Amino acid sequence: MCGIAGQIAKNYRSSDFNLITSTTDMINKLNHRGPDDMNVWHDESLGICFGHKRLSIIDLSSKGRQPMCSADGRYVITFNGEIYNYLELKRELENSNQNILSKPIQWKGYSDTEVMLEAISRWGVYGATKRFTGMFSFALWDRSEKRLYLVRDRIGEKPLYYGWVDGVLLFGSELKALCVHPKWKGEIDRDSLALFMKFNYIPAPYTIYKQIRKLEPGCITHVSLMDKHEEFNCKRYWSIDNTVNQSRLNIDEVTAVNKIESALSKSIERQMIADVPLGAFLSGGIDSSLIVALMQNLSTKPIQTFTVGFHDDSYNEANYAANVARHLGTEHKEFYVTAQDAIDVIPMLPNMYDEPFADSSQIPTYLISKLTRDHVTVSLSGDGADEFFGGYNRYLWGKNIWDRIKIFPLPLRKLIADLIKSPSPQTWDNLFSVSGRFLPNKYLHQSIGNKLHKLSKIVGATSANNVFFELISLWCNDDFVIGSKRISSKETDLLKKYNNLDFTEFMMCVDMQSYLPDDILTKVDRATMSVGLESRAPYLDHELIELAWSLPLDMKIKNGKSKWLLRKILHKYIPKEMIERPKMGFGVPMDSWLRGPLRDWAEDLLSESKLKSDGYLKTSLVREKWDEHISGKRNWQYHLWGVLMFQAWLHR
């Protein structure tokens, strides 16, 4: 895993700025992503320069150093990520080379980067990229055609930002690399800010800056110095559309379980290849427990597993993880953190994420990454299982509730929604705590008041798909971000694109293409790479994803159970009673922190004078929710965390 950055300066003149120095400044901002080595390559006559910060994982020698040139001299690459099937590609290249030239390829080292370049030389950029299995973003310079290619992996594990700034094309793994360039302007995009306030992340291709974009997953974009214009030509080399829209396989459950287990084991085996110490995150839930079980099954010695624990039982899974580790025989380490440990991370977040980002689980994700990095350089995780195997609670009850309420007229449903919202969540919680002893256990839940207020959104929705957007949207007022206008986002585009899907599959499909890359994978990449840890996610293997989508929905969600297929596999390795429990999110008690230890910090950022002076957000709406939250009348932690992360970023 590494950090990449670079530039192409049209009509470059050394009197404007120094090409190498400015690229070196850019790449040095990414030292955390690659602390092991740094290098730059340039062609001053064309105004092009690539930089690379290396975290050595495979081929630790200097022969794996980047930027790297192809053997034929045509291509130069700066690459971030891992190609898990590079050994298979290497054999294929060697075999085809013998058939064509009868002269063996002279490999300089044994890195995946060298194999990538040879593959591109043989099959072209698009042909080679379609063969790559892994997580990656890279910039490739074609010396022959004077063309720059920017490429991102299929699911969006590795980031890539790019854009023209005053005649200079900038690109990099993180925005902080672009921000130090002498030509940088950095004007805030209020339309992107409005999207952030709606989702608590900025969906691709947008960023917080007007002139800079995120390359979308599964895409290759290129620009040629031979063209006078500065337009990018973007093409998708992989899309889930063909799989999503195809007929589902007609196979029995035993065959389906065996197929998924085989595909997941293959993915894990590939991702366990490394020349440095390797381990796994273990929460004790289904996703990570299955990854660890299959890793241990493939390993000849105990693998290392890591868990972060909290002293608040509502957020602590460490005991479950310890039981799983003990049963599987892993070398397990758990770290308990205090509220103060977590709160101390908050000032670091604006710099870690570079643009507003507000998933509060970013805090424990950073903590487990930091502690894990003390022992290993690579760690496997269970990310992606929820989206592809039906893991989120909304997949379980969203369709059932809608099917029951849609028979009632909309005016009546809106009246019911208003009645549900009339008492505050706290009032509902108090009511259920008093009457709890008279109710069956299935009606006793944590934060019942917030769940009922979420239910009111569903009751008042106009269609099934709009139910989903009601659930995932936060600040929806058109005038909340001052000076913004409503723009189309990936989420709303997908609403039209997949309106023929089953409601549950529709939710999974949208999450896979928006929430997963723009929230979950962004969170994990920045948190892990901030401490120089490489995180790998076996569930994100594209062949496994295509297989999962080809299976009927009732093999993923069955008899009220999520991730049914994964449970069936896991029960082969771990007793059912050890992992069968309600899903617990990986979070922190932000609602109470905002009323307690974070109150002064939040009050300063949300002060009426500061909000009005900044001029971005409608002050009255923010203050209304803040006052309701600190009084205990409502829990607005998700809305407020988004505002706070923007304010903290803005005033960094």
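Student: In which strand does K333 lie?

Tutor: K333 lies in strand β15. Strands here are DSSP runs of E with at least two residues, helices are runs of H or I with at least four residues, and both are numbered from the N terminus. This is a predicted model: local features need pLDDT of at least 70, side-chain atom pairs count only at pLDDT 80 or more, and totals for chains, interfaces and linings use all residues. Residues are numbered from 1 along each chain as its sequence is written, and side-chain values use heavy atoms, with hydrogens and water left out.

Student: Which residues does K333 touch, not counting residues up to four places away in sequence?

Tutor: Contact means heavy atoms within 4.5 Å. By that test K333 touches Q304, T305, F306, T307 and H375.

Student: How many bridges pair β13 with β16?

Tutor: Three bridges, in the parallel sense, pair β13 (residues 278-281) with β16 (residues 378-380). L278 stands opposite V378 in β16.

Student: What is the order of the six-stranded open sheet?

Tutor: The order is β2-β3-β1-β9-β8-β10, with antiparallel pairing. β2 and β10 (213-214) stand at the edges with a single partner strand each, so one side of each has no neighbour in the sheet. Helix α1 (residues 19-28) packs on this sheet and touches β1 (2-9), β2, β3 and β9 (168-172). The direction of α1 makes about 150 degrees with that of β1.

Student: How many bridges join β2 to β3?

Tutor: Seven bridges join β2 (residues 37-43) to β3 (residues 48-54), and the two run antiparallel. M38 stands opposite K53 in β3. W41 stands opposite F50. In a regular strand the side chains alternate between the two faces of the sheet. The hairpin of β2 and β3 has four residues between the strands, and G47 takes a positive phi near 70 degrees.

Student: At what angle do helices α7 and α8 pack?

Tutor: Angle classes come first: under 35 degrees is roughly parallel, over 145 roughly antiparallel, 65 to 115 roughly perpendicular, and the rest oblique. Helix α7 (residues 253-271) packs with helix α8 (residues 286-298) at about 70 degrees, their axes 10 Å apart. So α7 is roughly perpendicular to α8. E261, L264, S265, I268 and E269 in α7 meet L290, I291, L294, M295 and L298 in α8.

Student: How does that contact divide by class?

Tutor: Ala, Val, Leu, Ile, Met, Phe, Trp, Tyr, Cys and Pro count as nonpolar; Asp, Glu, Lys and Arg as charged; the others, Gly among them, as polar. The contact of α7 with α8 has seven nonpolar, one polar and two charged residues.

Student: At roughly what angle do α12 and α21 cross?

Tutor: Helix α12 (residues 362-373) and helix α21 (residues 515-529) cross at roughly 40 degrees, and their axes come within 8 Å. That makes α12 oblique to α21. The contact is made by Q362, T365, Y366 and S369 of α12 and K523, V524, A527 and T528 of α21. Its residues divide into three nonpolar, four polar and one charged.

Student: Is S550 buried or exposed?

Tutor: Buried means under 20% relative accessible area, exposed over 50%, and partly exposed in between, with a 1.4 Å probe and protein chains only. S550 counts as buried because its relative accessibility is 5%. S550 is in helix α22 (residues 542-550).

Technical notes
Axes are lines fitted to C-alpha atoms, for helices over the stretch in contact, and angles run from 0 to 180 degrees between N-to-C directions. Two strands pair if DSSP finds at least two bridges between them.
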